[in-house]
Amino acid sequence: KDIAMVTHEVTKKVNREKVGVKQVRVLWAGDVLHAIVGTHIVQAQITRIKQQSRDSNDVEETCYDFVFNIKDIDECVLPVSHKWRHRCSSTAACRNSQGSYYCACTESFSKGVYGLGACAGEADTSSCCSVGKGAGPSAEVDCHARFQCYTNECPGDCSSMATCAPTYNSSRYVCSCPPTHFGNGRTCRTGVQPLVLRDPRHDSLLYNADRQVVSAATTCGCVKPLIDHCSMQKCGLHEHCVNDHAAGKGQCVCDKGYLLDPKNRKEFGCVDASMPKLRLKGPSVLEVEQCHSYEEYGVEIDDENDEEYGR
């Protein structure tokens with residue numbers, strides 16, 4: 001990693017192979033060796049007692065070349081428990097490089113589009129997670145670990161009738177309904193069942209039961225538009241039309257508070273379901289002395305449909 005590590009390795013080798021060693025001085029002014037794959041020659045000056053001499057001060061100095069052959073390790077295939085294993089997220093693929101690795105958004109993850117988090121906007125970390133001067137290897141590893149890729153999140157919340165297609169961008173995926181259906185393809189909330197009606201005279205005109213025009217973006221699921229038979233049905237006074245899709249027709253029914261007069265259906269149609277109640281205004285009993293004046297209070301009509309009487 002650094003000069004201390006190099007000195008340690010050189011000293012260990014010298015003491016293992018030489019006797020009478022008094023000092024080891026490493027002559028290395030190069031960069032750190034960590035992750036620099038290749039052959040590196042490090043010189044060291046060895047001070048030791050001369051052979052056959054009994055005087056510990058009778059020393060000689062010799063220079064030796066020490067060869068450090070740093071081999072590449074494929075971090076992508078190391079066991080999970082290995083401390084040198086790659087740190088790519090589950091959304092990115094590990095790619096081995098000379099002396100290191102990088103994380104990439106590949107075809108199996110995101111069609112090679114841009115990543116998220118660290119190195120956002122890049123397809124991989126090969127150019128943006130390199131170690132700069134003064135930064136340790138942990139900085140590079142952390143940079144790789146923060147890199148994320150868009151993934152295939154289908155089927156997501158698409159309804160069973162919709163087709164899900166990943167977008168590999170901030171929209172994540174899109175849900176598409178069959179050509180014969182209408183809606184945004186997203187699963188509806190529990191209890192929500194949208195109704196879409198189509199005017200047979202204008203196929204492009206779609207609306208809900210309240211005759212409000214609807215849009216696919218705000219209509220959940222995939223709904224097959226039903227023909228609005230009531231669009232061509234004329235009903236009488238106090239009547240409204242109800243679609244009978246099973247029978248394929250619109251049927252006129254009485255409004256709330258009205259009933260169909262079975263005897264005079266054609267003449268009266270839907271009539272008031274209850275007779276109006278008349279209530280006197282003022283006191284129910286009025287006592288007037290002879291030759292005195294009095295005031296008529298009139299009556300009130302008590303009926304939920306009293307607006308029909310115009311009183």
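Colleague: Is C220 buried or exposed?
Modeller: In this predicted model, C220 is buried, with a relative accessible area of 17%. The cut-off for buried is under 20%.

Colleague: Which cysteine does a disulfide join to C220?
Modeller: The partner is C188, with an S to S distance of 2.0 Å. The pair links distant parts of the chain, 32 residues apart: C188 sits in the loop between β9 and β10, and C220 in the loop between β11 and β12. C188 is partly exposed, at 22% relative accessible area.

Colleague: Why is that disulfide right-handed?
Modeller: The torsion about the S-S bond of C188 and C220 is about 105°, so the link is right-handed.

Colleague: And what about C230 and C241?
Modeller: Their sulfur atoms are 2.0 Å apart in a disulfide, and this link is left-handed, with -80° about the S-S bond. C230 lies in the loop between β12 and β13 and C241 in strand β13, so parts eleven residues apart in sequence are tied together. C230 counts as buried, at 7% relative accessibility.

Colleague: How many disulfides does a search of the whole structure find?
Modeller: The search finds twelve.

Colleague: Changing topic, in what order do the strands of the open sheet with β10 run?
Modeller: The order is β11-β10-β12, with mixed pairing. β11 and β12 stand at the edges, each with a single partner strand, so one side of each lacks a neighbour in the sheet.

Colleague: In which sense do β10 and β11 pair?
Modeller: They pair in the antiparallel sense, over three bridges. R198 has L206 in β11 as its bridge partner.

Colleague: Lastly, which residues make the nonpolar surface patch?
Modeller: L278, L280 and V299 make a patch of about 310 Å². L280 lies in strand β17 and is exposed, at 53% relative accessible area.

Key
Residues numbered from 1 in each chain as written. Predicted model: local features only at pLDDT ≥ 70, side-chain atom pairs only at ≥ 80, totals over all residues. Heavy atoms only, no water. Patch = residues over 30% accessible without salt bridge, like charges linked within 9 Å, V, L, I, M, F, W, Y side chains within 5 Å. Areas by Shrake-Rupley, 256 points an atom, 1.4 Å probe, with all protein chains shown as cover. Salt bridge = Lys/Arg side-chain N within 4 Å of Asp/Glu carboxyl O. Helix = DSSP H or I, 4+ residues; strand = E, 2+ residues; numbered from the N terminus. Buried < 20%, exposed > 50% of the residue type's maximum accessible area, 1.4 Å probe, protein only. Pairing = 2+ DSSP bridges. Disulfide = S-S within 2.5 Å.
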